[in-house]
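Here is a walk through one model, from a pair of helices to the charged side chains. Keep the structure open as you read.

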Amino acid sequence: MTSLRPYQSQLLALLNDPERPRFGIISSVPGAGLRQVVDVHVRRLASMSLVLLLCPARVLAEQWAARLRDYEDGPVTVLTSASVALDMLEKQDEQRTGVIVATYARAQRGPSNRALSELTFGLIVHDQPPSSFSDEIERLNSQAQRGIAIVDRWRLDSQEPEWPLLWDMSSEDLVRDGYLAPAPVKVPYEASPEERSLRDSAIHVLREYATHRGVPFLLPSDSLPELHRRLLTLASDASRQEDLSDLSERAWKLLDRMDDSLAADSRLAALDEILRATTTEGARCVILAATLLDIEYISDHLDSIGKAPRAVISAASLTSDRLSAFAELGPNELLVATHVACEYADAWPSDVVVILWPLRSNRRALENLFRFIKEPHRIKIFEMSEMNQLKAPAT
């Protein structure tokens, strides 16, 4: 395993201290590597007792399972189904050491809840717990000798479980120690008036359609290919409803404008400039985009300019393929991926360049990226940012 930084060693000593409070919260800004410390702590205790690790989502649970499975002191069980829980119930007398990983949803009901209620734990770890614990989770806490809650620093004020704060790592602390994850380098680009007008007009029509349907307007990406796909769906669906005939007609006109437009995609031009600067230095590059259509669009462009990516990663990719793609990424090679790549940041090589295709959720993507990456201070991030966006497009 990667050696711990000095402050991580201090946190590990605190967690191992038998005099510390039975339950407590540890917190930091993204990039401090708290989970790396908890990983070491869990491995030590799992060789002597049973450890329960609870997560809000299955993706995070799978991350923990993947990073813990390489140790030999006890089994790692992921509660992914009723059959796994029933198997645990049958073998509960044999379950004395190891790690059980589960989501909160599964731990609170059905066979999984029944299986967990029959066990006692040396440690329970809550990774990003809900603001307050349910009665079922409180019962699980009572079955543990000790507990840790890992909480993002910005969530501390809203955290209701009244556990003492054991550890809090601020940005200032990381700056002082030289481990702060780097701020993204903003790469501004300017779209042509035609390109901006097309994009903003499309968003205007899509928002109007969402309002008519009474649903939230959700748009993870405002790239031209993504907008084109959504407009096509809108135009087809609205054409079947008489009261939406005008909206359908406007969508078809916008699609015609997009198809006839000769305007170059300013985002691709900006991406080319970043790649030109970074790949000449032998960098490994990971390009992150929000949607499957975006990464396919970027990949096709890279193919056309002779920079075919080593791999294209999405939620549909096998876990083994995702891990090997990052592990084998070499100098001057590119990888294009959706945000699912952030979930496997533990497998990323050091000294990687991350390029953020314009995203509507950059903060979330960066938080996920820094949550598990081992050495965030060694990566360099470029964030593409459009200038002079129109605020009130004409339709």
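What follows covers a helix crossing and then several salt bridges.

The model is predicted. Start with helix α9 (residues 193–213) and helix α10 (residues 224–238). Their axes come within 10 Å and cross at roughly 40 degrees. The crossing is left-handed. On the α9 side, the contact includes Leu198, Ala202, Ile203 and Leu206. On the α10 side, Leu227, Leu231 and Leu234 are among the contact residues. By class, the contact has 11 nonpolar, no polar and 4 charged residues.

Now turn to charge. Side chains of opposite charge can pair when their charged atoms come close. The model has 18 salt bridges, counting pairs within 4 Å.

In α3 (residues 58–68), Arg58 and Glu62 are 4 residues apart, about one helical turn. Their side chains meet at 3.1 Å, N to O. Glu62 is partly exposed, at 34% relative accessible area. In α12 (residues 266–279), Glu273 and Arg276 are 3 residues apart, again about one helical turn. This salt bridge spans 2.5 Å, N to O. Arg276 is partly exposed, at 46%.

Another salt bridge joins strands. Glu383 and Lys186 meet at 3.0 Å, N to O. Glu383 lies in β13 (residues 380–386) and Lys186 in β8 (residues 185–189), so the pair ties together parts 197 residues apart in sequence. Glu383 is buried, at 10% relative accessibility. Lys186 is exposed, at 51%.

Finally, shared partners link Glu195, Arg199, Asp222, Arg267 and Glu386 into one salt-bridge network.

How values were computed
Residues numbered from 1 in each chain as written. Predicted model: local features only at pLDDT ≥ 70, side-chain atom pairs only at ≥ 80, totals over all residues. Heavy atoms only, no water. Axes fitted to C-alpha atoms, helices over the stretch in contact; angles between N-to-C directions. Helix = DSSP H or I, 4+ residues; strand = E, 2+ residues; numbered from the N terminus. Left-handed = near helix turned anticlockwise from the far one by under 90°. Contact = heavy atoms within 4.5 Å. Nonpolar A, V, L, I, M, F, W, Y, C, P; charged D, E, K, R; others polar. Buried < 20%, exposed > 50% of the residue type's maximum accessible area, 1.4 Å probe, protein only.
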